[in-house]
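Colleague: Hi, I'm new to this one. Could you walk me through it?

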Amino acid sequence: MLADLSRDVERGQKTLLSDDSYKAIRGDHNWNQWVGRSRLALNLKLAKLLARKELAIKEAKKAFGKAEVLNKLVDDDKMDRKFLCERASLDALIDPMMLR
């Protein structure tokens, strides 16, 4: 959008320089005001979009971090259960041997 505006400004400047009738009706002044307002509006839109993008990136990083922690906790829990299960199996094998 800003590139389109820059192209329009370039074409408009050439037209304003080649035709004095625009100056007679203050067309050059109106054109420059319109360009300024349009550039400001586009820059504001861009700033808002970049701010939203930054927030989205922060949220994505935060969510990814939470997912990583959750996966680690699940893996640790699986290891703990496996260890307890193996220990219970070993205890079941060893207890009868101790009674002899």
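**A first look at the chain**

Modeller: Happy to! Buried residues account for 8% of the 100 residues in the chain. Keep in mind that this is a predicted model.

Colleague: Okay. How many helices and strands are there in the chain?

Modeller: The chain has three helices and zero strands. Reading from the N terminus, the order of elements is α-α-α. The radius of gyration is 35 Å, well over the 13 Å that the globule rule gives for 100 residues, so the chain is more spread out than a compact globule.

Colleague: What box do the C-alpha atoms fill?

Modeller: Along the principal axes, they fill a box of roughly 115 × 15 × 10 Å.

Colleague: Let's switch to charges. How many salt bridges does the structure hold?

Modeller: Four. One of them joins the side chains of Arg7 and Asp4, at 2.3 Å from N to O.

Colleague: Where do Arg7 and Asp4 sit relative to each other?

Modeller: Both are in helix α1, which covers residues 2-18, and they are three residues apart, so about one helical turn separates them. Arg7 counts as partly exposed because its relative accessibility is 43%. Asp4 is partly exposed too, with a relative accessible area of 38%.

Colleague: Which residue does Lys58 form a salt bridge with?

Modeller: Its partner is Glu54, and their closest N and O atoms are 3.6 Å apart.

Colleague: What about Asp76, which residue is its salt-bridge partner?

Modeller: That would be Lys72, with 3.0 Å between the closest N and O atoms. Asp76 and Lys72 are four residues apart in helix α3, so they are separated by about one helical turn. At 32% relative accessibility, Asp76 counts as partly exposed.

Colleague: How far apart are the mean positions of the positive and negative charges?

Modeller: They are 6 Å apart, taking the 21 positive and 16 negative charges of the chain.

Colleague: Last topic: which residues make the nonpolar surface patch?

Modeller: Leu46, Leu49 and Leu50 make that patch, which is about 260 Å². Leu50 is part of helix α3, which spans residues 27-99. Its relative accessibility is 45%, so Leu50 counts as partly exposed.

Colleague: Great, thanks for the tour!

Methods
Residues numbered from 1 in each chain as written. Predicted model: local features only at pLDDT ≥ 70, side-chain atom pairs only at ≥ 80, totals over all residues. Heavy atoms only, no water. Patch = residues over 30% accessible without salt bridge, like charges linked within 9 Å, V, L, I, M, F, W, Y side chains within 5 Å. Areas by Shrake-Rupley, 256 points an atom, 1.4 Å probe, with all protein chains shown as cover. Helix = DSSP H or I, 4+ residues; strand = E, 2+ residues; numbered from the N terminus. Buried < 20%, exposed > 50% of the residue type's maximum accessible area, 1.4 Å probe, protein only. Rg over C-alpha atoms; globule rule 2.2 N^0.38 Å. Lys, Arg positive; Asp, Glu negative; His and termini not counted. Charge placed at Lys NZ, Arg CZ, Asp CG, Glu CD.
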